[in-house]
2 protein chains.
Amino acid sequence: MYVGGARRRFAKVSSQGGPVRRPGKHAEEGHELSVSSGLAALSLDALSSVAYGPEAMILVLIMAGTGALRFTLPLTLVIVGLLALLVISYTQVIEAHPDGGGAYAVAKLNLGRVPALLAAASLVIDYVLTVAVSLAAGAASLGSVFPGLAHHLLIVSLIGLVLLTALNMFGIAESARFLMLPAAVFVVSIVAVIVVGVTHPHPVAVIGTSEQPFKPTTALGIVLILKAFAAGCSALTGVEAIANGVPAFRQPRIRTAQRTEVSLGALLGVLLLGLAILIHIHHVLPRGGVTILAQLTAGAFGTGWPFYVSNLAVTAVLALAANTSFGGLPVLLSLLARDHRLPHAFYLRAARPVYRIGIIALALGAMVLLVAVDGVTDRLIPLYAIGVFIGFTISQIGLVRHWRETRPPRWRTKAAINGTGAVMTAIAVVVFLGSKFLEGAWVVVIAVPLLMMLFSHTEHYYAEVARELKLGRTPPSPGKRESIVLVPTTTVNLLTEQAVSAAMSLGDTVIAVAVAGDEEEADMIRRAWSDWKCNVPIEVLVDPHRSLIRSVLRYVENINEEGVTITVLIPEIIPRKRRHEILHNQRGRLLESVLKSRTDVIVATLPFHLHD
Amino acid sequence: MYVGGARRRFAKVSSQGGPVRRPGKHAEEGHELSVSSGLAALSLDALSSVAYGPEAMILVLIMAGTGALRFTLPLTLVIVGLLALLVISYTQVIEAHPDGGGAYAVAKLNLGRVPALLAAASLVIDYVLTVAVSLAAGAASLGSVFPGLAHHLLIVSLIGLVLLTALNMFGIAESARFLMLPAAVFVVSIVAVIVVGVTHPHPVAVIGTSEQPFKPTTALGIVLILKAFAAGCSALTGVEAIANGVPAFRQPRIRTAQRTEVSLGALLGVLLLGLAILIHIHHVLPRGGVTILAQLTAGAFGTGWPFYVSNLAVTAVLALAANTSFGGLPVLLSLLARDHRLPHAFYLRAARPVYRIGIIALALGAMVLLVAVDGVTDRLIPLYAIGVFIGFTISQIGLVRHWRETRPPRWRTKAAINGTGAVMTAIAVVVFLGSKFLEGAWVVVIAVPLLMMLFSHTEHYYAEVARELKLGRTPPSPGKRESIVLVPTTTVNLLTEQAVSAAMSLGDTVIAVAVAGDEEEADMIRRAWSDWKCNVPIEVLVDPHRSLIRSVLRYVENINEEGVTITVLIPEIIPRKRRHEILHNQRGRLLESVLKSRTDVIVATLPFHLHD
């Protein structure tokens, strides 16, 4: 299916037939991300996961009884270790791929086409899921605070989606400004919870239902430990977002993105470890209706206003985690478009450095998902994190391959770091898929290959087009030919005069073409035309249906001269207000589109601007 | 607001700036209506109303006790008399207005602008209501036969709407073929009910709940009689449809339409009178859950298969009554468009003589209504029939005016006939509005003026445009000017060659325009261009954003020479499959639309047809 030669020729298209802008040359000061705005814009997905990652792990462990909770701290240490490996990997990815794209870019360079498509498809699915899950979680959280909203969670999610989409249309840096405050409150309050909790080791159980004894339902074994590990790993989703969105950062781009990545890693590691220590010290257990984070917060602050401020920040950050996708996915889609694996339109930018079509595609995807599951998070959770962990694995395998081939100093150590990370994330993927397959993960298993096929078909199509346009070969020299310009007309008015003047400028021969229902009407039109004395002949076509389109089409087909350039010049009224457009030009537009699709004539439109 | 002068000038526009086809010259044999297909296509609205008209009258009378039912026959005689007056009026309307439009055309000619707009707005509203009410009634009837559908009546209605819309897209005559059979079964079965019922006067009460004594809730007075009259008049809706849709008939158009109208009147009169006589003979009373028509049918046929066939035909005809609107409204909208009171697009026809945009507008309107009332007929009934009776009244007043002004032989008799009809239908309008105002008729009272304003605003807008285009005045003579053609390009390929060749044919001066991110890239482009040796200069614009649109726009604005025709020639890739269009040309389209809206340059597109 794939034509290697066509691919090489494509190297020229991207600076030619396709979109031409090179990322990294367009962004303006003020539209770019610094370390702190980068954290706000791209790390909420990762940071917000401390609100559910540790809890997910504990909920698995508790199945083997409260005694199993002693594994919380060691497992968290393993996960933070994995986080360190991932942060190292992604700082390397950022350096090697300053155009962004993360796992896709790494796989494309080091592993070939299929792994690259797999990474892209996985990331696309996970990004869309992130938006849907985050907004649904935020809406659910809001619904538990305002019970009046509880029956309208879908609408609340969709309103959030519209707002976030609109915000991102202005640019990722603009969205970051709005996210800075909730992000800061969130981080500060969790750090405060940890500090107060560790320094004032009081009992925690001040809120929630009374403690219930947990009966072990399963034995503590390697499978359960692995499941707990995988569940805890959900706290790592979002670590890849910065590497995917490098082009949005301020110069020196690579350094800024790397520092942001390291800051994110440090912050996330501290929070995860701190919470695990607190859980360990206070022997916190899952309690009906109250999250573990809320228990810890109440333990540290009591249930006064700091408790509520902290909870509100958690809610906000859960919802705003969706923004991470808006930073990452449009860039990834633009790279896919640059590689001819998606419509080139995804590479188009307006004056602001924003890939609007990618943003709209993301919003539509998330909307469809939210409506499909009726705004209920639980139905999306099993699909979540699989894509990101496939991406983690692929990018690290790609780096291993890279070190083996380039063999820089200490390449064995580097390869060992990435290899260890790859094995760990691959284990998480297998556990995710195995344990959640029937609950919904099968959707991902179906959707990923479908997306890969879509990318592949698009690529193949563009390759065929490039072949047909003979891209890469020098074409023959151009030459002047005789020019005939046709002006469809009805009677004589100011528009006719402008059209005929323009046609006389463009053509060696100008012919006005009109349609009449019968000979009598045809004579009338001819007389009116000759009264005008414009020195241009008129051809009145008699058609009982008075179909201008059919008549012009027939006339054009009858000219049939070789070596002649035929142009049809259509005057077009441009109203001052856009909404008045439905009052004009439908026949002209119809004629235009029929001529374009059925003939080889040049279709020219002459704008006539109305002033009222 | 209204400019009389502009209106006169408009007489020319309609054969020029606006749409040009004259109705009556376009239709093909086989796409036109005969008397019988005309009845099937345009009279189901009227004929189906015998299923509810008499019942509506009886339900009013019974409020004054069973004794009041003695007024059934006399009131029916009055209504049939009114029917005769209306049929006479509308045969006159058909003769005077072979282009269709009914009340609107009459009012426009004889009563002036405001009554014409009132008639148009009333008819538009009633046509849309007819579709919604008919489909909802048909769905309800189907739901009572198949209880499984009872909870999905809205969906059933909407499916019916889609089918009917699709059918009418092929033409009114095509739709008539499908309606012929149910219409014939309906008429034959009702006639059989009457004949059997009159010749075999057996008791009727064989189905339904047991007879209950009716307690009079109100006294029998003139108000009740008037209300019963108005309710019974609902059987006359649809009588106007043939006059509205004259252009759809076969030649000799006027005679065919008139004969159809008279046939409809005779048929409807016979059915109404026959049913009233049956009701009178058998002392039929309203019974829970069984319509009077069903009682009469059961009385004549028993409850065997003829009963079910007859009931099925009633159901079908109730639903298919919606087709009447598809025959009438698009023609009316096209006439409004011809008078510049609606967008000219409503006057566009494809190869078949069908006003598709009008059909789509009708379908959308009915869909909105159905969804708004959730498919429940009862909520629409109070709005119904008001519009038609306003139309009846206006058209008859118009005729009275016509006779008074033209004074043909026996004009006094003619004026008396129309005048009597006008008074009677006006009474019905007043009773409708008065008795149903709070139940929903206020919606009509609001909607009619809003529609009139819409028509009026559209008319005013087109008048302003005509003034700006100096329509009706001979423009100056056209003249040739110097022609500069710009070809936006990136690098050299087959498309570039074709575009430059075309540009050389069209222009005295040809300049290729490219955009580069920096000087280095600009040099690269210039080198590639000079290697080609095409004798056309290239202008490489340096723009850090690489915005082709902004650069071309700036370049065009800088040319700024008087007396020069500037053309921008954009090559456009035309894929073989429509769905591949999203893979091409977005930048070209964007450039095209920006140039059209912001500059006066000619935008020419050169199609390049792909073969794969």
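A salt bridge is a side-chain nitrogen of Lys or Arg within 4 Å of a carboxyl oxygen of Asp or Glu. Side chains of opposite charge can pair when their charged atoms come close.

This is a predicted model, in which local features need pLDDT of at least 70 and side-chain atom pairs count only at pLDDT 80 or more, while totals for chains, interfaces and linings use all residues. Residues are numbered from 1 along each chain as its sequence is written, chains are lettered from A and ligands numbered from 1 in the order in which they are written, and side-chain values use heavy atoms, leaving out hydrogens and water.

Start with A:R554 and A:D543. Their side chains meet in a salt bridge, 3.7 Å from N to O. A:R554 lies in helix α21 (residues 548–559) of chain A, and A:D543 in the loop between β3 (538–542) and α21, so the pair ties together parts that are 11 residues apart in sequence. Helices (H or I, at least four residues) and strands (E, at least two) are DSSP runs, numbered from the N terminus. A:D543 is buried at 3% relative accessibility. A:R554 is partly exposed, at 40%. Buried means under 20% relative accessible area, exposed over 50%, and partly exposed in between (1.4 Å probe, protein chains only).

Now turn to chain B. B:R554 and B:D543 also form a salt bridge, at 3.7 Å from N to O. B:R554 sits in helix α21 (residues 548–559) of chain B, and B:D543 in the loop between β3 (538–542) and α21. B:D543 is buried at 3%, while B:R554 is partly exposed at 40%.

A:E32 forms a salt bridge with A:R253, their closest N and O atoms being 3.2 Å apart. A:E32 lies in the loop between α1 (4–13) and α2 (35–42) of chain A and A:R253 in helix α12 (residues 253–282), so the pair ties together parts 221 residues apart in sequence. A:E32 is buried, with a relative accessible area of 5%. A:R253 is buried too, at 8%.

Some charged residues join in a group. A:E572, A:R589, A:E592, A:K596, B:E572, B:R589, B:E592 and B:K596 are linked in a network of salt bridges. Over all chains, the count comes to 27 salt bridges.
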